[in-house]
Amino acid sequence: MECRQMIVAFGMNDDGELVTPVYTKTFKTQAPTPSSNQIKIELKKVAYRDVVVKTTTTNNDSYYIGVQPASYVEKFATAEEMINHLCYESSIEEQNFHGDTEAEFSPGRPDQDYYAIAVGLDDNAPCTTPVLVKFHHPAKQ
């Protein structure tokens, strides 16, 4: 998705009065390059504070794996809207992987529904269809 952006710059004094002209610059960001990576998610373990997500991929392109509360995922109208918010409004750099992997997560709230999420990335921008698997994080036994 190509995006138009605008940078606005101006100066103000201590009283909040404008003291310089307002400068604007518009530009377009480049759309991510689509990936042919097909990511499959398998929940290897779902236990109190210990969730293991296994991903199988069709190539070595970068992708995100994460676990998010269902309340977060389901507040968006579509999975694509949720993924865009996740990629552009949070830090996902530490959850980027290449190739098949198993990743361990410790969800913060027991006895809640969660989603395991995977999506291909191009420079931290989504470039594949997101894959979501819903599960229930059990209460402490």
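Strands are DSSP runs of E of at least two residues, numbered from the N terminus. In this predicted model, Met12 falls in the loop between strand S1 (3-9) and strand S2 (23-29).

The protein contains two helices and 10 strands. Their order along the sequence is β-β-β-β-β-α-α-β-β-β-β-β. The C-alpha trace spans about 60 × 35 × 25 Å along the principal axes. The radius of gyration is 20 Å, whereas a compact globule of 141 residues would have a value near 14 Å. Of the 141 residues, 35% count as buried.

A nonpolar patch lies on the surface. Its members are Met6, Val8, Phe10, Met12, Leu18 and Val22. Together they have about 590 Å² of accessible area. Met12, in the loop between S1 and S2, has a relative accessibility of 47% and therefore counts as partly exposed. Val8, another member of the patch, lies in strand S1. Its relative accessible area is 44%, so Val8 is partly exposed. Beyond residues up to four places away in sequence, Val8 touches Val22, Tyr23 and Thr24. Of these contacts, Val22 is also part of the nonpolar patch. The C-alpha atom of Val8 is separated by 6.8 Å from that of Lys25, a residue 17 places away along the chain.

The cysteines were considered next. A disulfide is a covalent bond between the sulfur atoms of two cysteines. A search of the whole structure finds zero disulfides. Cys87 is in no disulfide, and the nearest cysteine sulfur belongs to Cys127, 9.2 Å away. Seen from Cys127, the closest cysteine sulfur is that of Cys87. At 9.2 Å the two are too far apart for a bond, because a disulfide requires sulfur atoms within 2.5 Å. Cys87 has 7% relative accessibility and so counts as buried. Cys127 counts as buried too, at 11% relative accessibility.

The salt-bridge count comes to two. One joins the side chains of Lys45 and Asp50, with an N to O distance of 2.6 Å. Lys45 is partly exposed, with a relative accessible area of 38%. Asp50 counts as buried, at 14% relative accessibility. The other bridge pairs Glu74 with Lys134, whose closest N and O atoms are 2.9 Å apart. Glu74 sits in the loop between helix H1 (70-73) and helix H2 (79-89), while Lys134 belongs to strand S10 (residues 131-137), so the pair ties together parts that are 60 residues apart in sequence. Glu74 counts as partly exposed, at 44% relative accessibility. Lys134 is also partly exposed, at 43%.

Two further glutamates were examined. Glu104 is located in strand S7 (residues 101-105). Its relative accessible area is 56%, so Glu104 is exposed. Leaving aside neighbours within four places in sequence, Glu104 is in contact with Asp50, Val51 and Val52. Among these contacts, Asp50 is the residue that meets Lys45 in a salt bridge. The C-alpha atoms of Glu104 and Lys54 are separated by 8.9 Å, and the two residues are 50 apart along the chain. Glu94 is placed in the loop between H2 and strand S6 (96-98). Glu94 is exposed, with a relative accessible area of 79%.

Technical notes
Residues are numbered from 1 along each chain as its sequence is written. This is a predicted model: local features need pLDDT of at least 70, side-chain atom pairs count only at pLDDT 80 or more; totals for chains, interfaces and linings use all residues. Side-chain values use heavy atoms; hydrogens and water are left out. Patches are made of residues with over 30% relative accessible area and no salt bridge: like charges are joined within 9 Å, nonpolar side chains (Val, Leu, Ile, Met, Phe, Trp, Tyr) within 5 Å. Accessible areas come from the Shrake-Rupley method with a 1.4 Å probe; for residues, only the protein chains shown count as cover. A salt bridge is a side-chain nitrogen of Lys or Arg within 4 Å of a carboxyl oxygen of Asp or Glu. Helices (H or I, at least four residues) and strands (E, at least two) are DSSP runs, numbered from the N terminus. Buried means under 20% relative accessible area, exposed over 50%, partly exposed in between (1.4 Å probe, protein chains only). The radius of gyration is taken over C-alpha atoms; the globule rule is 2.2 Å times the number of residues to the power 0.38. Contact means heavy atoms within 4.5 Å.
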